[in-house]
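Biologist: I am new to reading models like this one. Could you walk me through it, one feature at a time?

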Amino acid sequence: MGRVDVSGSVSAPPRCCSNLHPDWMCEEVSTGTTIMAVEFDGGVVIGADSRTTTGSYIANRVTDKLTPIHDLIFCCRSGSAADTQAIADAVTYQLGFHSIELDELPLVQTAANLFKDMCYKYREELMAGIIVAGWDQRNGGQVYTVPMGGMMVRQPFSIGGSGSTYIYGYVDSSYKPGMTKDECLDFTLRALALAMDRDGSSGGVVRLAAITQGGVERKVVAGGQLPRFSLA
């Protein structure tokens with residue numbers, strides 16, 4: 001119950017955090033993270049780290065942030081774990097009905113628009129940064145970025161999450177148009193490993209997936225097998 005001040009109004013109840021409580025008991029669960037997606041001729045490559053945090057406490061070190069939305073459409077989630085899971089579930093539900101009505105696989109752009117509409121409509125309440133990637137018959141492999149606030153833009157590659165701030169220079173200098181699937185996988189792995197090396201909120205394993213007309217190929221790279229950049 002909040003306190004009543006002299007004016008008669010009720011103030012907000014005190015926060016649980018104090019010197020007697022660790023910060024993770026009051027912080028929301030966050031996928032403070034590094035996510036990435038890259039287009040190539042014939043599909044897309046997506047990747048993410050696996051660390052989920054509550055404040056400075058690591059709540060889960062093997063989270064799967066590559067969330068399937070439909071058969072050949074995935075999203076990469078950053079921000080509040082609860083918010084991004086709720087949005088992904090809602091879009092999966094809507095896109096499934098849309099696919100049934102059309103009697104065909106949905107478009108990647110349709111999925112991205114659903115994310116955009118929901119993130120924009122609830123922009124004051126949600127903390128969610130999404131990368132939508134996949135393959136469809138009309139436009140092939142596509143990557144769409146839906147940052148917090150509800151904007152949507154298609155990009156040849158996209159990075160997001162707290163760890164992305166450490167690797168903008170690396171990805172800008174290393175990306176080459178027309179890369180093959182294997183080159184995109186290596187590019188994504190090295191970028192994520194570099195972010196995980198620098199960002200305290202990113203870590204664990206690297207999860208990769210290549211999405212093409214033929215399906216989804218997934219791969220997990222353990223922490224001990226990641227490329228090394230620092231001299232330490």
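Biologist: Is Cys-75 buried or exposed?

Modeller: Residues are labelled by relative accessible area: buried is under 20%, exposed over 50%, and partly exposed in between, using a 1.4 Å probe and protein chains only. Cys-75 has a relative accessible area of 0%, so this residue is buried. Keep in mind that this is a predicted model, where local features need pLDDT of at least 70, side-chain atom pairs count only at pLDDT 80 or more, and totals for chains, interfaces and linings use all residues. Residues are numbered from 1 along each chain as its sequence is written, and side-chain values use heavy atoms, leaving out hydrogens and water.

Biologist: How many disulfides does the structure hold?

Modeller: A disulfide is a pair of cysteine sulfur atoms within 2.5 Å. Here there are 0. For Cys-75, the closest cysteine sulfur is in Cys-76, 6.9 Å away, which is too far for a bond. Cys-119 is in no disulfide either, with the sulfur of Cys-75 as its nearest, at 9.6 Å.

Biologist: In what order do the strands of the open sheet lie?

Modeller: Strands are DSSP runs of E with at least two residues, numbered from the N terminus, and two strands pair if DSSP finds at least two bridges between them. In this open sheet, 5 strands follow the order β10-β1-β2-β11-β12, with antiparallel pairing. β10 (157–160) and β12 (215–221) each have a single partner strand, so one side of each lacks a neighbour in the sheet.

Biologist: Over how many bridges do β1 and β2 pair?

Modeller: Strand β1 (residues 35–40) pairs with strand β2 (residues 43–48) over 6 bridges. Met-36 stands opposite Gly-47 in β2.

Terms used:
Helix = DSSP H or I, 4+ residues; strand = E, 2+ residues; numbered from the N terminus.
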